[in-house]
Amino acid sequence: MTQINIIAIGKLQANDPEQQLIGNYLKRLRWKTNLVSFESKIKDAAQSNKEENEFILSKLSSLPGFNIILDEKGKHFTSLEFAKLISNSFNNHNHINFVIGGADGLTQATKLRANEGICLGKLTWPHKLARVMLAEQLYRSYSIIQNHPYHREG
């Protein structure tokens with residue numbers, strides 16, 4: 001069974017509008033999805049970043065599959081290219097793990113665990129909105145792969 005895991009830093013509350021949007025997109029998918037989030041309680045930024053990346057690495061160690069990080073230096077994809085990446089990844093792996101780091105980013109050790117890095121654009125996005133954008137693109141990819149009319153070209 002195909003599964004998508006989204007490992008993200010920072011927790012969303014059930015009544016957050018972003019959480020409602022994410023839920024709306026993910027429930028449309030026929031792929032099993034799992035959202036794992038972590039919020040550091042440490043106030044020191046360097047220590048917090050270290051703890052966040054240790055959490056991410058522990059999750060990636062326990063979750064098999066193709067690892068994709070969201071990274072400002074990652075590749076830029078069109079929606080059709082992203083759908084092809086998802087389709088090809090599922091051809092070779094049962095799980096795809098997406099990683100959204102914290103405000104101070106991902107460590108080199110975490111980046112080395114990635115099979116692919118993707119960029120959501122040149123603008124900087126809050127982590128909550130990055131999750132919404134990823135959820136929407138996952139649903140868009142699903143619709144492209146299934147030839148559903150949600151994605152319209154041109």
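**Entry 1: the sheet**

I started with the sheet of this predicted model, and I found five strands in an open sheet, ordered β2-β1-β4-β3-β5 with parallel pairing. Two strands count as paired if DSSP finds at least two bridges between them. Helices (H or I, at least four residues) and strands (E, at least two) are DSSP runs, numbered from the N terminus.

Neighbouring strands are turned by 30 degrees against each other on average, direction ignored. Axes are lines fitted to C-alpha atoms (for helices over the stretch in contact), and angles run from 0 to 180 degrees between N-to-C directions.

A few ground rules went on this page too: residues are numbered from 1 along each chain as its sequence is written, and side-chain values use heavy atoms, with hydrogens and water left out. Because this is a predicted model, local features need pLDDT of at least 70 and side-chain atom pairs count only at pLDDT 80 or more, while totals for chains, interfaces and linings use all residues.

**Entry 2: strand by strand**

I went through the pairs next. Strand β3 (residues 66-76) runs parallel to β5 and is joined to β5 by five bridges; L70 has I118 in β5 as its bridge partner. Helix α3 (residues 79-92) packs on the sheet and touches β1 (3-9), β3, β4 (95-100) and β5, with its direction at about 130 degrees to that of β4. Contact here means heavy atoms within 4.5 Å.

β4 pairs on two sides: six bridges join β1 to β4 in parallel, and four bridges link β3 and β4, also in the parallel sense. I noted A8 opposite I100 in β4, and I69 with V99 as its bridge partner in β4.

**Entry 3: two helices**

I checked α3 against α5 and found an angle of about 80 degrees, with the axes 9 Å apart. That makes the two helices roughly perpendicular (under 35 degrees is roughly parallel, over 145 roughly antiparallel, 65 to 115 roughly perpendicular and the rest oblique). The residues meeting there include F82 and I86 in α3, and L134 and L138 in α5.

I picked E136 in helix α5 (residues 127-145). E136 is buried at 12% relative accessible area. Its side chain makes a polar contact of 2.8 Å with the side chain of R140. A polar contact is a pair of N or O atoms within 3.5 Å; within protein, one must be able to donate a hydrogen and the other to accept it, and residues adjacent in sequence count only if both atoms are side-chain atoms.

I also looked up I9 in strand β1, which is buried at 6%. Leaving aside neighbours within four places in sequence, I9 has contacts including F38, I100 and R131.

My last stop was L26 in helix α1 (residues 17-28), buried at 13%. Not counting residues up to four places away in sequence, L26 touches I6, T33, A135 and L138.

Note on methods. Buried < 20%, exposed > 50% of the residue type's maximum accessible area, 1.4 Å probe, protein only.
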